Amino acid sequence: MAKNQKDNHSGIRSKRSKIKRPKILITGSEGFIGSAITKELLKKKLDIYGIGKKKRNIKNYKYYDLNLYNFKKVKNFFNQFSFDTIIHTAWVTNPNTMRNSKSNFKWLKISKKILDLHINNNGVNFYCVGTSDEYQRIENKNNKCIENQSKTTNLNTYAKNKILFYKYLKKSKINFIWFRVFWLFGSKENSKRFFPEVINKLLNNKKFKINNPKIGLDYSYINDAAKMMVKLIFKKNISGVYNICSGKYLNLGEIANKISRILKKQKYLEFQNSKVNTKIYGSVKKLKKSKCYIKSNFKLKLKQLVLKSSKTTS
């Protein structure tokens, strides 16, 4: 474990300041979701720490490269530092393999270890990123997913281990929020995911085939999703499961069409005549009740993302 900057001021408070700033750790702080949450937290007066698997030169918060697979190093890290709050975003994330990867079992073990160490260090709060894959869905139906009402199921290895960790967290009696995150898009997204794949193929004048254009999924812009999560974190007297979603679905074919029209490359899209018509979207009633829902301008955010991507590759 190596730190990217000297920590001369840790534990030292200004003589003028009598209030100790909350100490927060974000696991996977430079990942797709973690970096967006970290960006929001940096707007507040907090003592922010982040951990990730890569060495990085980061100056606006205390970042450590830490192999979470190495339990000895993880234990040493928590012996060195204690936190008021942990926001756990780290997990296996390769979109092509994550849902059935055996690594999910390792991440369940890692997550339990982090939680146990946090509790042993008198940690107060634990916030974790879950997944919409935890919800049961029926093919060719409109599946509206509602917290504490819709059934959960072991849809795949990823969902199974997330559900197991949720149950473990719930039994721990620490104050927690479980963010059941639906589909996201935005900067730093894995290039193998749907949005970057469509954009990159069209930018390179290559054909892109939509196998199931009528499947409808609930997409949110990553920064808006992060804002909702941070709003929930700082809301008093709330805990449990919260959907992080837009509350509506968009068909994959429709999304691809929007991207192609922005780039003026409609001719490179192909649509398979699929009968699969499954729709999956989350309820935002609980988010709205907590006054933490953020309505996103999908059309504008998509256009900004596509144009930014086109400038990067040009």
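**View 1. Leu217 meets strand S16.** In S16, Leu217 has Ile280 as its bridge partner. Leu217 belongs to a pairing in which two bridges join strand S11 (residues 216-217) to S16. S11 and S16 run parallel. The model shown in this and every other view is predicted.

**View 2. Strand S7 also pairs with S16.** Strand S7 (residues 142-145) is joined to S16 by four bridges. These two strands run parallel. Asn142 is found opposite Lys279 in S16.

**View 3. The open sheet of four strands.** The strand order is S7-S16-S11-S14. The sheet is open, and its pairing is mixed. S7 and strand S14 (250-251) are the edge strands. Each of these two pairs on one side only. Strands of a sheet pair through backbone hydrogen bonds, either parallel or antiparallel.

**View 4. The two faces of strand S16.** S16 covers residues 279-282. In a regular strand the side chains alternate between the two faces of the sheet. Lys279 and Tyr281 lie on one side of S16. Ile280 and Gly282 lie on the other. All four are buried, and both faces of the strand are covered.

View 5. Helix H1 spans residues 32-41. Nine of its 10 residues are buried, so H1 is largely enclosed by the rest of the structure. Phe32, Ile33, Gly34, Ser35 and Ala36 are among the buried residues. Ile37, Thr38, Glu40 and Leu41 are also buried. What do the buried residues of H1 pack against? Their strand partners are S2 (23-27), S3 (47-52), S5 (85-88), S6 (125-131) and S9 (183-185). They also pack against helix H6 (222-233).

**View 6. Helix H2 packs on helix H3.** Two packed helices are described by the angle between their axes and the distance between the axes. For H2 (residues 71-80) and H3 (residues 103-120), the angle is about 20° and the axes are 10 Å apart. An angle under 35 degrees counts as roughly parallel, so H2 is roughly parallel to H3. H2 passes H3 in a right-handed crossing. From H2, the contact takes Phe71, Val74, Lys75 and Phe78. From H3, it takes Lys109, Ile110, Lys113, Ile114 and Leu117. By class, the contact of H2 with H3 holds six nonpolar and three charged residues, and no polar ones.

**View 7. Helix H3 packs on helix H4.** The axes of H3 and H4 (residues 157-172) come within 9 Å. They cross at roughly 15°. That angle makes H3 roughly parallel to H4. The crossing of H3 and H4 is right-handed. H3 brings Asn104, Phe105, Leu108, Ser111, Lys112, Leu115, Asp116 and Ile119 to the contact. H4 brings Thr157, Tyr158, Asn161, Leu164, Phe165, Tyr168, Leu169 and Ser172. The residues of this contact of H3 with H4 divide into nine nonpolar, five polar and two charged.

**View 8. Lys267 in its loop.** Lys267 lies in the loop between helix H7 (252-263) and strand S15 (269-271). Is Lys267 buried or exposed? Its relative accessibility is 61%, so Lys267 counts as exposed. Lys206 and Lys267 are 61 residues apart along the chain. Their C-alpha atoms are separated by 9.7 Å.

Key:
Residues numbered from 1 in each chain as written. Predicted model: local features only at pLDDT ≥ 70, side-chain atom pairs only at ≥ 80, totals over all residues. Heavy atoms only, no water. Buried < 20%, exposed > 50% of the residue type's maximum accessible area, 1.4 Å probe, protein only. Pairing = 2+ DSSP bridges. Axes fitted to C-alpha atoms, helices over the stretch in contact; angles between N-to-C directions. Parallel < 35°, antiparallel > 145°, perpendicular 65-115°, else oblique. Left-handed = near helix turned anticlockwise from the far one by under 90°. Contact = heavy atoms within 4.5 Å. Nonpolar A, V, L, I, M, F, W, Y, C, P; charged D, E, K, R; others polar.
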